[in-house]
Amino acid sequence: MSNKTSFLADDLHQYMLQHGLREPDILCQLRKETATMTNFARMQTAPEQAPFMQMLLRLMGAKRVLELGTFTGYSALAMALALPEDGQIIACDINRDWTAIAQRYWQQAGVAHKIDLRIAPALETLALLREQQQQFDFIFIDADKDNYPNYYDAAYELVRPGGVIAIDNVLWGGAVADTSINDNPTRKIRALNEKIRQDTRVEISLVPIADGIFLVRKC
Ligand SMILES: C[S@@+](CC[C@H](N)C(=O)[O-])C[C@H]1O[C@@H](n2cnc3c(N)ncnc32)[C@H](O)[C@@H]1O
C-alpha cells in the first residue's frame with residue numbers, strides 16, 4: 001500500500017504535487033501530523049487523490065457519502081469540505097485512537113457537523129444501513145482489503161442509481177499484476193477487480209492515481 005502515485009517517477013510526482021493541487025492548510029496540517037505515525041502514515045489517502053474525489057463530489061452534486069476506513073480522517077475531511085452545508089458523511093472505522101485525531105481536525109475545520117462517525121466493524125454498519133434502506137450518492141471503500149468483495153456487494157445495494165462507488169488501492173502497489181505475489185489481500189483485490197470488470201450492472205474506470213482507484217457507477 002502506498003499513499004503516493006508510485007507509478008510516476010519521483011521528479012514527475014513532485015511536479016504534480018507542486019502544480020496539480022492546492023492542498024488547504026488544514027489538510028496539510030493533518031497530513032503532517034499523520035506522517036509522524038511512522039508505521040501507519042502510508043495508509044493515509046494521497047494528497048493528489050483528495051482534490052480528485054472532491055471534484056467528483058462537486059460534479060455529481062453529491063450530498064450523501066459513505067466512507068469505509070477513516071483512519072486519521074484525511075479523506076473524510078477532504079470530502080466534507082467539498083459537500084454542501086446539508087451534506088453528510090457516514091464514516092466507518094474500528095479504531096478509536098486514530099479517529100480521535102480525525103475528530104479533532106474535523107472540529108478545527110468546522111465540518112464536524114457533516115460527519116457521523118460509526119465505530120464498529122464496517123460490515124455491521126453496512127448491514128444496519130441496508131436495514132434502514134439508506135441510499136448514498138458516493139461510497140468510498142478504503143478499509144481492510146480482506147473484506148473488499150463483501151464491501152463491494154453491500155455498497156452496490158446502498159448506492160443510488162447513477163451514484164458512484166470508489167474503491168481505493170486496487171493496484172496494491174503493483175502486486176495485482178505480479179503473479180509471484182499471492183497473499184490474502186492481493187488475492188482479494190484481484191478477485192474484486194475481476195468481479196467488477198464482469199459486472200454488467202455498472203460502468204467502470206480504473207484510474208491509476210495514488211495506489212489505483214476504481215470508479216464504479218451504478219447504471
Ligand atoms: C487505509 S486506512 C483509511 C485511510 C483513510 N481513508 C484516510 O484518508 O486516511 C484503513 C482504515 O480501515 C480501518 N479498518 C480496518 N478494518 C476495519 C473494519 N473491519 N471495519 C471498519 N474499519 C476498518 C482501519 O482502522 C484504518 O483506519
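Which relative accessibility does Arg-118 have, and does that count as buried, partly exposed or exposed? Arg-118 has 21% relative accessibility and counts as partly exposed. The views below show this and other details of a predicted model.

**View 1. Asp-116 and Arg-118 form a salt bridge.** The N to O distance between the two side chains is 3.0 Å. Asp-116 is partly exposed, at a relative accessible area of 23%. Arg-118, at 21%, is partly exposed as well. Buried residues are those under 20% relative accessible area. Side chains of opposite charge can pair when their charged atoms come close.

**View 2. Glu-33 and Arg-104 link helices α2 and α5.** The closest N and O atoms of this salt bridge are 2.6 Å apart. Glu-33 belongs to α2 (residues 25-35) and Arg-104 to α5 (residues 96-109), so the contact ties together parts that are 71 residues apart in sequence. Both partners are partly exposed: Glu-33 has a relative accessible area of 24%, and Arg-104 has 39%. Over the whole structure, the search finds 10 salt bridges.

**View 3. Helix α6 (residues 122-131) has a buried side and an opposite face with exposed residues.** Ala-122, Thr-125, Leu-126 and Leu-129 are buried. These residues span an arc of only 100° around the axis, which places them on the same side of α6. An α-helix has 3.6 residues a turn, so residues three or four places apart point the same way. On the face turned away from the buried side are Glu-124 and Glu-131, both exposed. After α6 comes Gln-133, with a positive phi near 55°.

**View 4. Strand β7 (residues 213-218) pairs with β5 and with β6.** Five of the six residues of β7 are buried, so the strand is mostly covered. Strand β5 (residues 159-168) runs antiparallel to β7 and is joined to it by five bridges. In this pairing Ile-167 is opposite Phe-214 of β7. Strand β6 (residues 202-207) is also antiparallel to β7, with six bridges between them. The hairpin formed by β6 and β7 has five residues between the strands, and Ala-210 in the turn has a positive phi of about 55°.

**View 5. Glu-203 and Arg-217 are opposite each other in the strand pairing and also form a salt bridge.** The closest N and O atoms of the pair are 3.1 Å apart. Arg-217 is partly exposed, with a relative accessible area of 36%. Glu-203 is partly exposed too, at 46% relative accessibility.

**View 6. Asn-193 is a buried residue of helix α8 (residues 184-197).** Its relative accessibility is 13%. With neighbours within four places in sequence left aside, Asn-193 is in contact with Val-170, Val-176 and Phe-214. Phe-214 is the β7 residue that stands opposite Ile-167.

**View 7. Cys-92 is buried and Cys-219 is exposed.** The relative accessible area of Cys-92 is 1%. For Cys-219 the value is 57%. The disulfide count for the model is zero, where a disulfide would need a pair of cysteine sulfur atoms within 2.5 Å.

Methods
Residues are numbered from 1 along each chain as its sequence is written. This is a predicted model: local features need pLDDT of at least 70, side-chain atom pairs count only at pLDDT 80 or more; totals for chains, interfaces and linings use all residues. Side-chain values use heavy atoms; hydrogens and water are left out. Buried means under 20% relative accessible area, exposed over 50%, partly exposed in between (1.4 Å probe, protein chains only). Helices (H or I, at least four residues) and strands (E, at least two) are DSSP runs, numbered from the N terminus. The arc is that of the directions from the helix axis to the C-beta atoms. Contact means heavy atoms within 4.5 Å. Two strands pair if DSSP finds at least two bridges between them. A salt bridge is a side-chain nitrogen of Lys or Arg within 4 Å of a carboxyl oxygen of Asp or Glu.
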